[in-house]
Amino acid sequence: MADSRIFSGGDADDAHEPGRRLYNPYQDLQIPRQIVYDLPTSPEILFHEESTRQHRSWGENLTYCTGVGYLAGAIAGGSIGLRDGLRAAEQGDSMKLRINRVLNASGHTGRRLGNKLGVVGLLYAGMESGLVALRDKDDWMNSVAAGLGTGALFRAASGPRSAAVAGAIGGLMVGAAVAVKQVFKRYVPI
């Protein structure tokens, strides 16, 4: 059992257990412990220029969008694979065989959809960061244009009609997401 004087500011050498000496790392600092653990709530910025920037860097954006896309795709694909695996169960299957079928279907579909959405996130983040650097502005037009370009580029191998439809869908989805974000910023206090 530790001596309570250590944690209330007492001296570490006052411990009365024979053969033991409790260590207090703050005894020689002459600083109250509350100041040591009073950490700032705002991010610590090394350079003043970094504090004026209101968006992620291109590397952070690339990592974030790719990771979120892969994770969302893997979860959605795993859920679809779970459903398909449960539906494919036959009457005479053992429990081991059913579990194996569910795991195989979940893993296969989750991996496939996760990779597709990860690539979509990678394309979107690259285009958005490129547009921010090109226009030197970070606004909704960059996001919508990146959504248009991402959809078109992702489906470009399927032909021009498919690329145009996918580009329009991508632009509409990002436009809707930007509009919802603005509504939440205005009406939902966070």
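The legends below describe close-up views of a predicted model. Residues are numbered from 1 along each chain as its sequence is written, and side-chain values use heavy atoms, without hydrogens or water. Local features need pLDDT of at least 70 and side-chain atom pairs pLDDT 80 or more, whereas totals for chains, interfaces and linings use all residues.

**Figure 1. Helical elements of the protein.** The protein has 7 helices and 0 strands (DSSP runs numbered from the N terminus: helices, H or I, at least four residues; strands, E, at least two). Buried residues (under 20% relative accessible area, 1.4 Å probe, protein chains only) make up 23% of the 190 residues.

Figure 2. The largest pocket holds about 1,300 Å³ of space. A pocket is an open set of points on a 1 Å grid over the protein atoms alone, where a 1.4 Å probe fits, with protein on both sides within 12 Å along at least five of seven lines; lining residues have an atom within 4 Å of a point. Volume is the space filled by probe spheres set on the points, which are joined across faces, edges and corners. Of the 37 lining residues, Cys65, Tyr124, Glu128, Ser143 and Val174 are the closest to the pocket centre. Helix α7 (160-187) gives the most to the lining, with 10 residues.

**Figure 3. The largest nonpolar core.** Cys65, Tyr124, Ala125, Ala146, Val174 and Val178 form this core, a set of buried Ala, Val, Leu, Ile, Met, Phe, Trp, Tyr and Cys residues joined through side-chain atoms within 4.5 Å. Helices α5 and α7 each give two or more residues to the core.

**Figure 4. Surroundings of Ala146.** Beyond its neighbours within four places in sequence, Ala146 contacts Tyr124, Met127, Glu128 and Leu131 (heavy atoms within 4.5 Å).

Definitions and conventions. Buried < 20%, exposed > 50% of the residue type's maximum accessible area, 1.4 Å probe, protein only.
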